[in-house]
Amino acid sequence: MISPADMMLFAAVVREESFTRAARQLGITKQTISERISKLEERLGVRLLERTTRRVRVTGAGVTYYERCAAIAAQIEEANSEVQQRQAEPVGLLRVSSPVLYGRRYLTPVMSEFLTRYPRAQVELVLADRRVHLIEEGLDVAIHIGPLDDSSLVARKLGEGPVHFVASPRFLSKYGTPSARELRSARCIGFSAFETWEAEGMKSRIEPVLTVNDLEFACEAAIAGVGIARVPAILCRDAVRDGRLKVLFGPRPAMLRAIHAVYPSRLNLPAKVRLFVDALATLAEPMLPLQSGSRRKRS
């Protein structure tokens, strides 16, 4: 089996017309080149070079062989350059997963900027409120909200998402504003038959009057006066600012949920993954505190 490395070495000697110059270019010794060319000739059973003390002359068989070797060397160099270029600039399909709410609220400007800046890239965005398996599902990046449970993944923190207790003015007018101690007996909107909520350091077992499996529905139900909901700030911000919802138990969030971009490996990280995660970190809207009162004009 002839090594492609030896074929490229032979091509370098012919191109430089010198063992010494080829050795200098390749960063190996002249003796090493001489020995490897001799073994190559032995395997081929043909003389490729005529050596003298002053110069190297290519034989007829060597000229024919050089043309083939030079073509292979050019193809290898082209392949190497193409791979390195793909590392420098995002090329090809990037598959991204995100929770539905986060994707809808934050990812449009990220996708727009990324695809405008890198026209050779394509993105497939999968919005799903479930646990995803990056490798099994062929995903490059996933946005994860909450505790990380897979230590084999690389994670870059994007921020923290505050969650608040909210209720409508109409609900509070009818039922009163509960204290943290009274939360266990309040009318609540939850996501399972029994939940444990914590307000002002006090934990309460909740039995919701309405159980749903969608955050946006829970927020809308709270606006309609059904009960108290525990929802992300990104979902209820406009309603709080407009006065349709009020934040309960002070301005501090009920909890902070960490937001990470996760991907399988840091080793030889493709440019499309690295630069997309950078875009997420810099372009996604920051998690601003809730502000109640009238709507402010946007500049």
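User: Which residue caps the N-terminal end of α2?

Analyst: In this predicted model, the cap of α2 is made by a side-chain oxygen. That oxygen lies 3.1 Å from the backbone nitrogen of T20. The residue that supplies the oxygen is S18.

User: Which residues of α2 are buried, and within what arc do they fall?

Analyst: Helix α2 covers residues 19-26, and F19, A22 and A23 are buried there. Viewed along the helix axis, these buried residues line one face, because they fall within an arc of 100 degrees.

User: Against which elements do the buried residues of α2 pack, and which residue follows the helix?

Analyst: The packing partners of the buried residues include two helices, α1 (4-16) and α3 (30-44). Strands β1 (49-51) and β2 (56-58) are also packed against. At the other end of the question, the residue following α2 has a positive phi, near 75 degrees, and is G27.

User: With which residue does E41 form a salt bridge, and how many residues apart in sequence are the parts that the pair ties together?

Analyst: E41 pairs with R51, and the closest N and O atoms are 3.3 Å apart. Since E41 belongs to helix α3 and R51 to strand β1, the pair ties together parts whose separation in sequence is 10 residues.

User: Is E41 buried or exposed, and what is the relative accessibility of R51?

Analyst: E41 has a relative accessible area of 7%, which is under the 20% limit, so E41 is buried. R51 counts as partly exposed, its relative accessibility being 27%.

User: Which residue meets R104 in a salt bridge, and how many residues apart are the two?

Analyst: The side chain of R104 meets that of E216, at 2.8 Å from N to O. This pair links distant parts of the chain, with R104 in helix α5 (residues 100-117) and E216 in helix α8 (residues 215-223). The two are apart by 112 residues.

User: Is R104 buried or exposed, and what is the relative accessible area of E216?

Analyst: R104 reaches 53% relative accessibility, which is over the 50% limit, so R104 counts as exposed. E216 is partly exposed, with a relative accessible area of 28%.

User: Which residues of the largest nonpolar core touch the most other members, and which residues does F276 touch?

Analyst: The largest nonpolar core has 41 residues, and those touching the most other members are V141, V231, L245 and F276. Leaving aside residues up to four places away in sequence, F276 touches L94, V96, V110, M111, F114, V141 and A271.

User: How many residues does the other core contain?

Analyst: Another core lies apart from the largest one. Among its members are A12, V13, A22 and L49. A22 is also one of the buried residues of α2. The size of this other core is 18 residues.

Key
Residues numbered from 1 in each chain as written. Predicted model: local features only at pLDDT ≥ 70, side-chain atom pairs only at ≥ 80, totals over all residues. Heavy atoms only, no water. Core = buried A, V, L, I, M, F, W, Y, C linked by side-chain atoms within 4.5 Å. Buried < 20%, exposed > 50% of the residue type's maximum accessible area, 1.4 Å probe, protein only. Contact = heavy atoms within 4.5 Å. Helix = DSSP H or I, 4+ residues; strand = E, 2+ residues; numbered from the N terminus. Arc of directions from axis to C-beta. Polar contact = N/O pair within 3.5 Å; in protein donor to acceptor, adjacent residues only side chain to side chain. Salt bridge = Lys/Arg side-chain N within 4 Å of Asp/Glu carboxyl O.
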